[in-house]
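Reader: I would like to go through this model by question and answer. Please keep to what can be read from the atoms.

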Amino acid sequence: MIIGSHVGLKAPDFLVGSVNEALSYKANALMLYTGAPQNTLRKPIKELKVEEAKELIKKHNLTVVVHAPYILNLASPDEEKRSFSINFLKQELKRVEEIGSNILVLHPGNHMTNTMEEGLDLIVDSLNKVGESNVKIAIETMAGKGSECCYKFEQIKYLMDHVNYPLYVCFDTCHTFDSGYDLVNKYDEIFAEFDRIIGLEKIICFHINDSKNTLESHKDRHENIVKGNIGLDTLKRVVKDDRFISIPKILETPYIDGVAPYKEEIELLLK
């Protein structure tokens, strides 16, 4: 079982602090951003205590996932903004490799004033310009909030069929539920549909989140493991599914009264 949570990255310990935070949750996986998720300001990798962190990662056999910042938009109809996203993503892939991870989770983008089809074509063009690297890009299943692309399995498959190198998937339970896939009542059917359209082997990361909202709400609001509309039983079913045992599972649930709930939630999921 490979399970952990989102962790912070802050001075003075940077990556060493990220690893120690994960270990404090009794986790064997962690996900981080190489800087603030809301912007593209980034410190040089050499300042992030990478080598010390790598020693700890190896010692404790941890799996490290990196998430790209939210503000990248590979589907933007604004050429200048899309070009910025492309160039930033190229650099971020290099940073992920330097950190020692081989998975980058990516929100693919919002089509905005364009149609969904036009947005998907721009994402394809953008990813082809980014080019293949040693890091696997995992397209996150989205909730369909606003003009988000890739809230349907077919939309992700379209990218896979047209980008000229392999893409993978980060399956977010909250997003997928909010987008209209009933994991609670149709668990087997949903994963059979995913397998038929994309292939289960393409899932290389899970985000394990409950949802504050109801099925097909398109809201994307994470909830704690025992408080949402997906429920503990369904989330445990994902975590313990034999087909997914070797795939890292990352919690992104909200803090409770300013305190991270991850140690307790991991324990709940593993019971």
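Reader: Which residues of α7 do F153, E154 and K157 in α5 meet?

Author: The model is predicted. Helix α5 covers residues 153-162 and helix α7 covers residues 187-197. From α5, the residues F153, E154 and K157 take part in the meeting, and their partners in α7 are I190, E193, F194 and I197.

Reader: Are α5 and α7 roughly parallel or roughly antiparallel?

Author: The axes of α5 and α7 lie 10 Å apart, and the helices pack at an angle of about 25°. Angles under 35 degrees count as roughly parallel. The crossing of the two helices is right-handed. The orientation of α5 to α7 is therefore roughly parallel.

Reader: What covers the buried residues of α5?

Author: The buried residues in α5 are F153, Q155, I156, L159 and M160. F153 is also one of the α5 residues that meet α7. The cover of these buried residues includes α4 (116-130), β5 (136-140), β6, α6 (173-178) and α7.

Reader: Is F171 buried or exposed?

Author: F171 sits in strand β6, residues 168-172. Leaving aside neighbours within four places in sequence, its contacts include F153, F191, F194, C205 and F206. Its C-alpha atom is 8.7 Å from that of M142, which is 29 residues away along the chain. With a relative accessible area of 0%, F171 is buried.

Reader: How are α3 and α4 oriented to each other?

Author: Helix α3, residues 79-99, packs against α4 at an angle of about 45°, with the axes 9 Å apart. In α3, R82, I86, L89, K90 and L93 meet a set of α4 residues that includes L122, D125 and V130. The crossing is right-handed. Given the angle, α3 and α4 are therefore oblique.

Reader: How many disulfides does the structure hold?

Author: A disulfide needs two cysteine sulfur atoms within 2.5 Å. For C149 the closest cysteine sulfur is that of C150, at 5.9 Å, so the pair is too far apart for a bond. For C174 the closest is in C170, at 12 Å, which is also too far. The number of disulfides is 0.

Reader: Is D257 buried or exposed?

Author: D257 lies in the loop between β10 and α9. D257 is not a glycine, yet its phi is positive, at about 50°. Its relative accessible area is 79%, and residues over 50% count as exposed. D257 is therefore exposed.

Reader: What is the relative accessible area of F14?

Author: F14 lies in helix α1. Although not a glycine, F14 has a positive phi of about 50°. F14 is classed as buried, with a relative accessible area of 12%.

Reader: Which residue does a cis peptide bond join to P12?

Author: P12 is found in the loop between β1 (3-6) and α1 (14-24). The omega of the cis peptide bond is about 5°, and the residue joined to P12 is A11.

Notes. Residues are numbered from 1 along each chain as its sequence is written. This is a predicted model: local features need pLDDT of at least 70, side-chain atom pairs count only at pLDDT 80 or more; totals for chains, interfaces and linings use all residues. Side-chain values use heavy atoms; hydrogens and water are left out. Axes are lines fitted to C-alpha atoms, for helices over the stretch in contact, and angles run from 0 to 180 degrees between N-to-C directions. Helices (H or I, at least four residues) and strands (E, at least two) are DSSP runs, numbered from the N terminus. Angles under 35 degrees count as roughly parallel, over 145 as roughly antiparallel, 65 to 115 as roughly perpendicular and the rest as oblique. A crossing is left-handed if the near helix is turned anticlockwise from the far one by less than a right angle, and right-handed if clockwise. Contact means heavy atoms within 4.5 Å. Buried means under 20% relative accessible area, exposed over 50%, partly exposed in between (1.4 Å probe, protein chains only).
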